Structure formats: structure tokens, C-alpha cells
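Let's take a tour of one protein model, starting with a helix and then moving on to some rings. Have a look at it first.

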Amino acid sequence: MMPRTDSEAEIGVIRVMPEVLANKIAAGEVVQRPASAAKELVENAIDAGASRVEVHVRDAGRTLIQVIDDGCGLAAIDAVRCFGRHATSKIRSIEDLERIVTLGFRGEALASIAAVARVELRSRRREDDHATLVRIEGGVIEETAPCALAGGTSVAVRHLFYNVPARRSFLKSDVTELRHVLDAVQQAALAQPGVAFLFRSDDATVLDLPAEQGAGALERRAAAMFAWDPAKDLVPVEEETSYLRVHGVVGRPAIRKKSRGDQYLFVNRRPVRSPYLDHAVFSAFRGLLPDGTYPFFALFLDIDPRHVDVNVHPAKSEVKFDDERGVYAMLKAVVQRSLSLAEGLPRIDGDAPNLLAGSPDARRSGDGSGGTDLPGPVQRTFGPPRPERTAEAPGDLSALLYSGEVKDGGARPAELLASDATGSRGAGRPEIGGDGRLWQLADTYVIAPLRTGLMIVDQRAAHERILFERSLESLDEGFGLSQQLLFPRTVEFSVADFALLQELLTDLRSIGFDVEPLSGRTALIRGVPAGIRTGDEEMILEDVIAQYREFERTERLRGRTNLARSLARRSAIRAGTRLDPQEMRALIDQLFECSQPYAAPDGSPTLVRIGADELDRRFGRRR
Ligand code: ADP
Ligand code: MG
């Protein structure tokens with residue numbers, strides 16, 4: 001900038017900002033709304049080692065946010081100093097940054113809050129003979145005096161943004177602001193089950209949570225918070241590798257939420273927002289929840305601080321991992337496994353994902369199946385084996401690779417089913433007991449003896465699940481297996497269906513339709529997805545389009561989910577289809593290679609298990 005006057009040229013235009021002004025500006029980053037002040041104050045209470053934290057608000061925090069703790073308290077001199085910029089007791093040297101264990105460390109929160117509100121702090125260390133009161137308004141200390149307090153700290157923040165009208169006018173309705181405060185308190189309460197929490201709003205008690213200790217503390221805390229049953233509604237999650245530990249709880253599909261917001265993720269006990277990692281958990285629930293609903297979860301990732309950067313945002317809510325994909329893969333796999341286990345079925349086991357390879361596909365052959373010792377690759381689908389995908393493989397290379405394996409005219413389902421029955425062993429196959437024989441009941445159910453009990457599989461639901469996951473996978477990967485029709489057909493569509501066909505063309509090809517729109521409203525069909533029911537190849541495209549429309553109307557399904565569900569629905573083996581033993585075995589193998597073996601895509605169960613204990617009970621036998 002050019003100096004405008006001689007005198008400016010002499011004395012310059014750069015000034016050091018007064019601290020009060022600097023704090024007011026910094027406050028904009030740290031304190032956006034009452035909830036951010038509440039969050040900072042609660043974190044300070046936790047950092048102070050509190051065993052009980054109370055949060056009181058008036059008018060959704062506009063008039064008052066007060067946090068009272070029984071933590072270590074502050075010496076008189078620190079009660080004043082803590083309002084200084086970069087005043088912190090938590091960092092002394094640059095090395096400390098590498099091993100931060102407290103929630104706060106920047107020493108900005110109190111200074112920022114005090115810059116934009118009227119704050120009263122009372123604090124006392126137990127060893128001191130009196131407490132200290134500090135009153136500070138708009139960043140200016142108005143009063144310090146001895147006062148009475150048993151021990152611990154109370155910070156009252158009044159009239160937030162009283163001196164920043166622009167900020168004040170940005171606040172949303174009381175309902176919204178209060179929901180944010182509640183969210184901040186719930187976040188802290190989930191992160192610290194060992195600390196008792198009380199949350200009151202305008203004198204009404206919103207949360208009153210006793211301290212929970214020992215095993216199951218988090219489940220009990222979450223259950224107390226949302227009025228759930230810790231045993232019935234929640235599933236514990238726990239897994240550890242040298243890189244990462246994941247633990248916490250997820251809600252069973254039955255307690256799904258209509259809106260997002262009850263997803264809690266913590267990295268090294270610090271609450272973080274990560275749509276990417278949320279997605280990992282959501283995808284573990286894929287097919288278990290109706291569209292438009294979300295699972296509850298409170299998950300903790302513990303990781304060496306050197307592999308994670310939590311300092312990327314002043315509100316400290318975003319994180320970066322040095323191996324994002326690896327963390328994603330592990331999170332997804334761990335949640336899937338926990339959900340499977342919770343169904344009371346034999347363990348669904350894959351290898352722990354290879355974190356540093358970072359591939360979400362790392363769930364491959366495992367050792368979990370017991371029983372048979374046949375070696376061989378895991379086939380995830382009902383169709384013929386798929387090639388290992390290489391980065392260079394162009395889309396239609398797959399067609400070449402398969403031309404020898406999928407014969408013209410399409411493979412019989414028996415061949416398709418059987419192709420997996422030998423040589424492969426499911427990463428997650430349950431331990432089939434007895435001599436391993438399977439029965440079919442009413443051409444509808446497959447019955448398998450388990451080591452302890454009995455499993456009844458609905459063949460249609462199971463096949464639908466298999467086809468659904470396979471289709472999604474093909475859609476993700478961009479190519480699916482195709483079986484060529486002996487006689488390519490031309491089909492005439494309605495105008496609307498032809499438009500839909502063109503809209504879906506890329507995805508249709510990805511799942512294995514070899515289809516070519518011709519002029520007018522006709523399309524040439526040369527091939528259909530491999531592994532579908534025979535007899536239906538001819539009509540399957542029309543069927544899928546019709547089903548797509550129906551799902552669009554009845555379930556508001558769109559895009560790939562709809563397409564995968566439509567194909568699965570229309571091409572799964574039906575009830576009333578006789579299966580031979582190899583087909584039954586393949587069906588079960590394939591089912592347990594799915595990420596969600598227990599439910600069809602519409603949520604109906606694929607199988608029912610009757611444990612030996614239940615049989616004993618029903619026959620009145622005591623063990
Ligand atoms: P930070 O938490 O990043 O250190 P803050 O501005 O939040 O920065 O707090 C500044 C300092 O004030 C803290 O380092 C701590 O020493 C002290 N402090 C704040 N709140 C409390 C509390 N509730 N109990 C004890 N000490 C506190
Ligand atoms: Mg702090």
C-alpha cells in the first residue's frame with residue numbers, strides 16, 4: 001500500500017493491534033454460537049480432572065451459559081492469567097505438542113469468550129483457603145476479589161455477543177441453538193462416561209447422568225442419555241491393530257434415526273467431524289437400514305498422535321490421518337464384524353484389513369471358517385471367478401477375459417452356483433456341523449446344522465442379498481460380468497423407459513448389461529449380467545427397468561442403490577426353486593461373503609438361527 005501523506009510515510013501505517021481487539025477477532029474463530037462456548041468450558045472442566053460437570057443455560061445460551069466443575073481449580077493469580085491470550089497451563093514446550101493429552105492447548109478459549117461476553121469466573125484449588133472471583137467484560141477485567149466456593153471452578157458466560165451485534169443476529173432460533181448446546185454436552189458425556197453430567201436449560205433438567213465405571217460404561221452412558229436398553233439396543237465395537245484402536249458402540253438397526261446428528265466420532269478422545277469416516281460406518285450398515293435413516297454410533301479412534309493432525313481447524317473438530325483409506329477400511333470392517341457378531345451367529349471373520357495398503361477391498365480370504373481345509377481364493381459373488389483388477393485394465397478387457405468362461409447362451413445357474421462350491425472357502429462361512437449336509441425345505445428354505453444349533457436360510461432373500469452386493473460392487477468398480485445371449489435381441493421401449501434406459505446406460509453396462517441404444521426407442525441387448533436366474537435372461541432388462549420405476553415410486557430409491565436392488569429383486573432365485581446340494585452350499589458360502597449377510601436389501605431377514613440352548617429350553621432339557 002502506498003503511504004498517502006508525508007506523516008504516514010514517516011510514522012508508517014502498521015500498528016500492533018490492541019489485545020482486546022485481537023481477542024475479539026480471534027473469538028470469531030473459536031466462538032460461533034453458545035454451543036461453542038459451552039464446548040470449550042466443558043472441555044476445560046474435563047481437562048481439570050472434574051468428576052462431575054454441570055451445564056446450565058438460559059435462553060438457549062444467549063443469556064447464560066454456566067459450567068461448574070469439581071476439578072483442580074485455579075490459584076488466584078492463574079484465575080486472572082487464564083484470560084490472557086495464549087494463556088495455557090497445558091503446553092510448555094514445542095515437544096509437548098507431540099503428545100497432547102488434554103482437550104485444550106491453544107490457550108485461546110477463555111480469552112476469546114471473554115472478549116465477546118460478560119464472564120464471571122469463580123475458582124478455588126482445594127489447598128487454598130479461599131476462592132477467587134474474576135469478572136471480565138468485553139475482554140476488560142472489571143473486578144477480582146476473594147469469594148466463597150467449595151472447590152473447583154464455575155464459569156458463567158452472560159450475554160454472549162452483547163458487543164458483536166452482527167454475530168448475535170447470525171444466531172438461529174432457540175430450538176436450534178439449544179440443540180447445538182445439547183449436542184456439545186452429549187459429545188462430552190459420551191467421551192467421558194466416568195464423569196457425571198448434569199445439563200439444565202431454563203431450570204428444566206435435560207440430562208442427569210451418573211458417572212459410569214468399568215466394563216460397559218459407554219453402553220450404559222449412551223443408554224442413559226437416549227433412554228435405550230444397553231444390552232438390546234447397542235452393539236459394542238472393539239478392535240486393535242498396531243496402528244489404530246477402534247472402540248465404542250453402534251446402535252442396532254432398530255434404533256435408527258430419521259436424521260443425521262447422532263453420530264459421534266472421537267479421535268484420541270477429541271470430538272471430530274468427518275463425513276468420510278461417517279461414510280465408512282454408514283457403509284457397514286448398508287442394506288440394514290432403510291434409505292434416509294442413519295445409525296447411532298459413538299466410536300473412538302485411538303491412534304499415535306504422530307499419525308494424525310487434529311490441529312487443522314481452530315475449533316479443533318477436523319482431523320487428517322496419514323492413512324485415511326486405511327482408517328476407513330478398518331472402521332468399516334470392524335463395525336461390520338461387530339454387527340454380525342451381535343446377531344448371535346458364528347463369527348464372520350475376514351483378515352484384519354491391511355491398514356498401510358489402505359485398500360477397502362483388503363477383506364479377503366481369511367482363516368475364520370474352520371471346518372474345511374480346502375485352499376483357494378474367496379469368491380464373493382454367485383458368478384464365475386473375477387479377475388484381479390489391475391489399474392491398466394480397460395473396461396471391456398473383462399469381456400475378453402471371460403469369453404472363455406462364460407459360454408454363449410449363458411451358464412446354467414447350477415454351474416454358476418457350483419463354480420464356487422469347490423475350491424473356495426468363505427471368509428465368513430458359519431461352522432456347519434454334522435456331516436455338512438444341507439437340506440431344502442419346501443423348495444424355499446435351506447437348512448443347515450450348525451455346531452451348536454440350526455440355521456434356516458431363506459433362499460430368495462439370501463440370493464437377493466448376494467446379487468445386491470455384487471451389483472453394487474460392479475457399479476463401484478465400473479465393470480461387471482456379462483453372459484452373452486445366444487441370440488441378441490432388439491427390444492422396443494416406451495418413450496419414458498427409453499429415456500430412463502439412456503440415463504442409466506453407464507450403470508447398466510457396469511452391472512453387466514451389454515446393451516446398445518439404437519435409433520428411435522429400440523435397444524439391442526447382446527448380454528445380461530452373469531449369475532442371474534436362467535429362463536429370465538430374455539426379459540431381465542425390461543424387468544429391471546420396471547422394478548426401478550416401482551422402487552422409485554414406492555421407496556423413493558434412486559440411482560445405483562435402486563438399480564442394484566432392482567436387479568437383485570428381479571433376478572434372484574425364487575421360492576419354489578429346487579436347489580441341489582452344491583447350489584445350497586454355494587448359496588451359503590456366497591451369503592457369508594457378503595458384508596451384510598443377515599438381511600435382504602429390503603431389510604427382511606435372510607436367515608434364522610435356532611441355538612442349541614433354545615432347543616434345549618423348548619424340549620425342557622436342562623444342561
Ligand atoms: P486451553 O484449554 O487451550 O489451555 P483455555 O483458554 O480454554 O485454554 O484455558 C486457559 C487455561 O485456564 C487452561 O490452560 C487452564 O489452566 C485454565 N482453566 C480453564 N478452565 C479451567 C477449569 N475449569 N478448571 C481449572 N483450570 C481451568
Ligand atoms: Mg480450553
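Keep in mind that the model is predicted.

Now find helix 15, which covers residues 495-503. Which of its residues are buried? F498, L500 and L501 are. Look down the axis of helix 15 and you'll see that its buried residues fall within an arc of 160 degrees, so they line one face of the helix. Turned away from that buried side is a face with the exposed residues V495 and E503.

Next, the aromatic rings. A pair of them is described by the distance of the centres and the angle of the planes.

The count for this model comes to nine aromatic pairs. Take F592 and Y598: their ring centres are 6.2 Å apart and their planes sit at 75 degrees, so this pair is edge-to-face. F592 is buried, with a relative accessible area of 0%, and Y598 is buried too, at 8%.

Elsewhere, ring pairs link F226, W228, Y264 and F296 into a cluster.

## Charges over rings

The charged end of R118 sits over the ring of Y162, 4.0 Å from the ring's centre. Then there's R565, which lies over the face of F551 at 4.5 Å from the ring centre.

Conventions. Residues numbered from 1 in each chain as written. Chains lettered and ligands numbered in written order. Predicted model: local features only at pLDDT ≥ 70, side-chain atom pairs only at ≥ 80, totals over all residues. Heavy atoms only, no water. Phe/Tyr/Trp six-rings, centres within 6.5 Å; stacked < 30°, edge-to-face > 60°. Buried < 20%, exposed > 50% of the residue type's maximum accessible area, 1.4 Å probe, protein only. Lys NZ or Arg CZ within 6 Å of the ring centre and 35° of its normal. Helix = DSSP H or I, 4+ residues; strand = E, 2+ residues; numbered from the N terminus. Arc of directions from axis to C-beta.
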